[in-house]
Amino acid sequence: MRIAIALAASLALGGCGLHPLYGGGASSSVAMTMRSIAVAPIAGQSGWLVRNKLIERLGDKGAGEAAYRLDVTLDDNITAFGLSSNQSATRERRTLRARYQLVDSRTGMVVLDATAGSDAGIDIVSSEYATVAAEQTALENLTGTVADQIVARIGLYASRTAPAK
């Protein structure tokens with residue numbers, strides 16, 4: 001009985017229209033589109049981190065001309081809250097937001113305009129070094145999350161605009 005249910009479920013899944021985003025591997029249209037994106041420089045330390053993570057995730061565009069340019073603007077903010085009895089903050093929230101645009105290099109037209117973001121809570125402790133280290137670790141984690149969101153959205157765009165097979 002369980003085998004019959006599993007077989008029926010697998011047959012039903014095949015007809016639902018789901019397909020892998022990166023189906024076809026490195027030669028798929030999505031992977032080729034990702035590799036044809038040049039990431040423009042992004043200001044600040046958080047920008048440097050996000051840009052490096054984007055380049056790592058998008059893949060090497062090779063020696064050819066990039067078909068697209070990715071422009072990213074970041075808003076990195078730390079807000080203190082959670083006051084103690086002596087009115088000092090006990091917690092911080094680090095927020096990283098990105099507005100990004102995918103621009104067609106040939107026409108200059110913006111083909112994708114979206115936002116991504118994430119936030120992290122940080123405990124403020126008596127050691128200033130530990131607090132700064134926690135803020136830095138939070139930034140590194142947030143840049144990875146934001147880069148993943150951007151790449152996922154670009155992958156979705158690439159799969160929806162890929163030429164029909």
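**Exercise 1.** Locate Glu92 in this predicted model and determine what surrounds the residue.

*Solution.* Step 1: Glu92 has its place in strand E3; the model is a predicted one. Step 2: Setting aside neighbours within four places in sequence, the residues in contact with Glu92 include Ile78, Thr79, Ala80 and Phe81.

**Exercise 2.** Decide whether Glu92 is buried or exposed, and which side chain of opposite charge is nearest.

*Solution.* Step 1: Glu92 is buried. Step 2: The nearest side chain of opposite charge is that of Arg94, 7.2 Å away. Step 3: A salt bridge requires a side-chain nitrogen within 4 Å of a carboxyl oxygen, and Glu92 has no salt bridge.

**Exercise 3.** Describe the sheet and state why one side of E1 and of E4 lacks a neighbour.

*Solution.* Step 1: The sheet is open and has 4 strands in the order E1-E2-E3-E4, with mixed pairing. Step 2: Strands E1 (37-39) and E4 (110-123) are at the edges and have a single partner strand each, so one side of each has no neighbour in the sheet. Step 3: On average, neighbouring strands are turned by 25 degrees against each other, direction ignored.

**Exercise 4.** Examine how E2 and E3 are joined, and which helices meet the sheet.

*Solution.* Step 1: Strands E2 (residues 68-83) and E3 (residues 89-104) run antiparallel and are joined by 15 bridges. Step 2: Asp75 stands opposite Arg97 in E3. Step 3: Helix H3 (residues 44-58) packs on the sheet and touches E1, E2 and E3; the direction of H3 makes about 130 degrees with that of E2. Step 4: Helix H4 (residues 128-161) lies across E1, E2, E3 and E4, at about 155 degrees to E4.

Definitions and conventions. Residues are numbered from 1 along each chain as its sequence is written. This is a predicted model: local features need pLDDT of at least 70, side-chain atom pairs count only at pLDDT 80 or more; totals for chains, interfaces and linings use all residues. Side-chain values use heavy atoms; hydrogens and water are left out. Two strands pair if DSSP finds at least two bridges between them. Helices (H or I, at least four residues) and strands (E, at least two) are DSSP runs, numbered from the N terminus. Axes are lines fitted to C-alpha atoms, for helices over the stretch in contact, and angles run from 0 to 180 degrees between N-to-C directions. Contact means heavy atoms within 4.5 Å. Buried means under 20% relative accessible area, exposed over 50%, partly exposed in between (1.4 Å probe, protein chains only). Lys and Arg count as positive and Asp and Glu as negative; His and the chain ends are not counted.
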